[in-house]
Amino acid sequence: MKANVGEKAPEFSLPSSSGGEVSLADLKGKNVVLYFYPKDMTPGCTTEACDFRDYNKEFEQLETVILGVSPDPLDKHQKFIDKHDLPFPLLADEDKEVAELYDVWKLKKNFGKEYMGIVRSTFVIDKNGVLVKEWKNVKVKNHVNEVLNYIKEELQ
């Protein structure tokens, strides 16, 4: 099952930096911002994570959980969290199964080289588990505001 706006979001369970696993089913009754990013500690990914960190309280007030997902292992996630004081869990999708479910594991080109990688993307899943909004090929600047405004305007 692939992720499609207007349909039930694909179920997943991934190892979490907060311990154990996080499953989408466990988050019923809350909105979920599921954002996929390429790699811990890189400039764009750091800016994006810190933007979500800086607005985390506003998301919490809107009954919204933020989850960051990348193929990095949990130990790398923990260093990223510690360095930037991230208040939300990062999930380790090392086998890229969830990235494939959400269709963000793609062939990319950079400086003439082709490789497989995460296309920076954000998904909003409502309290009933329905995928209600997606952004693909995200540009980091002002993205967190777009997501926050969407939740304020459409899910409250």
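Predicted model: local features only at pLDDT ≥ 70, side-chain atom pairs only at ≥ 80, totals over all residues.
Visitor: Okay, which helix does Thr46 lie in?
Guide: Helices here are DSSP runs of H or I with at least four residues, strands are runs of E with at least two, and both are numbered from the N terminus. Thr46 falls in the run covering residues 43–54, and that is helix α1.

Visitor: Is Thr46 buried or exposed?
Guide: Buried means under 20% relative accessible area, exposed means over 50%, and partly exposed is in between (1.4 Å probe, protein chains only). Thr46 has a relative accessible area of 15%, so Thr46 is buried.

Visitor: Which residues is Thr46 in contact with, leaving aside its neighbours within four places in sequence?
Guide: Contact means heavy atoms within 4.5 Å. With those sequence neighbours set aside, the list for Thr46 reads Met41, Phe80 and His84.

Visitor: How many salt bridges does the structure hold?
Guide: A salt bridge is a side-chain nitrogen of Lys or Arg within 4 Å of a carboxyl oxygen of Asp or Glu. Going by that rule, the structure's count is 7.

Visitor: How many residues apart in sequence are the parts that Lys127 and Glu63 tie together?
Guide: The side chains of Lys127 and Glu63 meet in a salt bridge at 3.3 Å, N to O. Lys127 sits in the loop between β8 (121–125) and β9 (131–135), while Glu63 sits in the loop between α2 (56–61) and β4 (64–70), so the parts they tie together are apart in sequence by 64 residues.

Visitor: Lys76 and Asp72 also meet in a salt bridge; which relative accessible area makes Asp72 buried?
Guide: Their N to O distance is 3.6 Å. Lys76 counts as partly exposed at 27% relative accessibility. Asp72, by contrast, is buried because its relative accessible area is 7%.

Visitor: Which residues are linked with Asp103 in a network of salt bridges?
Guide: Asp103 forms a salt bridge with Lys136, their closest N and O atoms being 4.0 Å apart. That pair links distant parts of the chain, 33 residues apart. The network joins Asp103 with Lys106 and Lys136.

Technical notes. Residues numbered from 1 in each chain as written. Heavy atoms only, no water.
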